[in-house]
Amino acid sequence: IEGYKLLEENYECTDKCPSGKQNVNGKCENCKVENCDTCQEDDLSICLSCINLGDINNDGFFLFKNNCLRKCPKGFFGLNGHCSECLSNCDECDNSS
């Protein structure tokens, strides 16, 4: 059916692939990065966004160098699903300053 994608695990058609899957030639294929929510259509190993657990306090995973992490590494802070760099050579920060 045009505009629909196949979920192979249960042979259902859907208009949008679920979290962790991407439309590839009419099939919902798994992203190759663990805890990835959306990945690039032409390369499933490139994560575009990570799973968000829905909490307003940035609860979920953060994208950092194509990995989805529960906590950003030293020198970075989590914001809107991504790890952003702290300023002023700080090891820890809540925002860029």
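This is a predicted model: local features need pLDDT of at least 70, side-chain atom pairs count only at pLDDT 80 or more; totals for chains, interfaces and linings use all residues.
A residue is called buried here if its relative accessible area is under 20%, exposed if over 50%, and partly exposed in between, using a 1.4 Å probe and protein chains only. Residues are numbered from 1 along each chain as its sequence is written, and side-chain values use heavy atoms, with hydrogens and water left out.

Let's stay with Phe 76. Rings of Phe, Tyr and Trp (its six-membered ring) pair if their centres lie within 6.5 Å; planes under 30 degrees apart are stacked, over 60 edge-to-face, and the rest tilted. The count by this rule is one aromatic pair. Its members are Phe 64 and Phe 76, with ring centres 4.8 Å apart and planes at 70 degrees, so they meet edge-to-face. The pair ties together distant parts of the chain, 12 residues apart: Phe 64 belongs to strand β9 (residues 62-64) and Phe 76 to strand β11 (residues 76-79). Strands are DSSP runs of E, at least two residues long, numbered from the N terminus. Phe 64 has a relative accessible area of 15%, so it counts as buried.

Lys 65 lies in the loop between β9 and β10 (67-69), and its phi is positive, near 50 degrees, though the residue is not glycine. At 69% relative accessibility, Lys 65 is exposed. Asn 80 sits in the loop between β11 and β12 (82-85), also a non-glycine with a positive phi, about 50 degrees. Asn 80 is exposed, at 63% relative accessible area.

Phe 76 turns up again in the lining of the largest pocket, along with residues including Cys 72, Phe 77, Asp 91 and Cys 93. A pocket is an open set of points on a 1 Å grid over the protein atoms alone, with protein on both sides within 12 Å along at least five of seven lines; lining residues have an atom within 4 Å of a point. The space in this pocket is about 220 Å³, a volume being what is filled by probe spheres set on the points.

Finally, head back to an earlier stretch of the chain. Strands β3 (residues 21-24) and β4 (residues 27-30) run antiparallel, joined by four bridges; pairing takes at least two bridges found by DSSP. Val 24 faces Lys 27 across the pair.

Conventions: On a 1 Å grid over the protein atoms alone, a cavity is a set of points where a 1.4 Å probe fits but cannot get out, and a pocket is an open set with protein on both sides within 12 Å along at least five of seven lines; lining residues have an atom within 4 Å of a point.
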